[in-house]
Amino acid sequence: MEMIPHIAVVDDHQEIRELVARYLGQHGYRVTVAPNAAEFRRLLAEESFDLAVLDIMMPGEDGLSLCRDLRANSRLPVIFLTAMAEDADRIVGLEIGGDDYLVKPFNPRELLARIRAVLRRSQAEPGVLEGGGKVRFDGKVLDLSRQEVTGEDGVAVPLSSAEFRLLSVFLEHPGKVLGRDELLDLTSGREAEVWDRSIDNQVSRLRKKIEDDPKAPGLIKTHWGDGYCFTGKVVRL
């Protein structure tokens with residue numbers, strides 16, 4: 001018997017909680033709501049969830065802080081609800097480990113589509129780099145369990161969840177030009193929108209951590225109009 005996905009909706013606005021719970025329930029999901037992070041933490045101790053929808057701006061502990069803690073202790077997929085429209089604010093959520101975001105006001109159908117996409121990605125078969133171990137590329141070593149890159153100088157550089165997912169995709173497709181839409185789908189399970197520059201920002205941040213000269217990158221090459229290509233030699237250790 002197929003398990004019904006259990007979704008947590010954490011938002012301090014009662015009308016949003018009720019709207020989302022009702023709509024997702026009509027589409028076959030089990031939904032539990034919480035008005036704040038404290039209540040959600042209590043629920044986490046008692047129940048198991050397949051995905052969490054978190055409002056960023058909440059009284060007390062906000063959604064970003066809650067997501068940071070979730071990422072330190074679990075792999076629960078997270079979709080942010082945010083009233084903030086600036087690119088930088090949306091990117092923060094992805095950088096700390098969020099899987100997707102939706103700007104308020106939103107269409108419940110779009111949230112449903114995002115949830116389905118993130119669940120498909122989280123339930124997919126593991127990639128060739130998952131399961132621990134280490135991978136060498138261009139004199140550097142990625143520790144898959146610790147999500148950090150160690151250079152030839154022996155200094156370990158930690159990666160954010162978003163940076164780790166992006167680097168993993170590059171290492172799984174060396175020598176292949178990956179478009180922005182494809183990278184966004186592979187890392188976040190969603191399609192890019194016209195204004196979406198999150199991949200470009202993530203590539204820029206990743207270059208600062210793995211390139212010898214981020215201003216003249218030799219590992220992640222830009223193919224103007226097409227996307228990016230990882231040129232390093234990848235060896236599983």
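**Close-up views of a predicted model**

**View 1. The loop that holds Q147.** Q147 sits in the loop that runs between strand 7 and strand 8 (148-150), and in this predicted model the residue has a positive phi of about 55° even though it is not a glycine. With a relative accessible area of 21%, Q147 counts as partly exposed, because the term buried is kept for values under 20%.

**View 2. The loop that holds D138.** D138 is placed in the loop between strand 6 and strand 7 (140-143), and although D138 is not a glycine, its phi is positive, at about 50°. The relative accessibility of D138 is 41%, and the residue is therefore classed as partly exposed.

View 3. K104 and P105 are joined by a cis peptide bond, for which omega is about -10°. P105 itself belongs to the loop that lies between strand 5 (100-103) and helix 5 (108-122).

**View 4. The largest nonpolar core.** This core is made up of 23 residues, and those with the most contacts inside it are F137, L142, L167, F170, I210, I220 and F230. Two or more residues are given to the core by each of strand 6 (134-137), helix 6 (161-172), helix 7 (180-188), helix 8 (198-210) and strand 12 (227-230), and the largest share, six residues, comes from helix 6. In soluble globular proteins, nonpolar side chains tend to be buried together.

View 5. When neighbours within four places in sequence are left aside, F137 is in contact with L142, V149, L167, L171, I210, L219, F230 and K233.

**View 6. The chain as a setting for the close-ups.** The secondary structure of the chain comprises eight helices and 13 strands, and of its 237 residues, 47% are buried. Where contacts join residues at least 6 apart in sequence, 57% of these contacts are between residues at least 24 apart. The chain exposes about 12000 Å², of which carbon and sulfur atoms supply 50%.

Technical notes: Residues are numbered from 1 along each chain as its sequence is written. This is a predicted model: local features need pLDDT of at least 70, side-chain atom pairs count only at pLDDT 80 or more; totals for chains, interfaces and linings use all residues. Side-chain values use heavy atoms; hydrogens and water are left out. Helices (H or I, at least four residues) and strands (E, at least two) are DSSP runs, numbered from the N terminus. Buried means under 20% relative accessible area, exposed over 50%, partly exposed in between (1.4 Å probe, protein chains only). Contact means heavy atoms within 4.5 Å. Accessible areas come from the Shrake-Rupley method with a 1.4 Å probe; for residues, only the protein chains shown count as cover. A nonpolar core is a set of buried Ala, Val, Leu, Ile, Met, Phe, Trp, Tyr and Cys residues joined through side-chain atoms within 4.5 Å.
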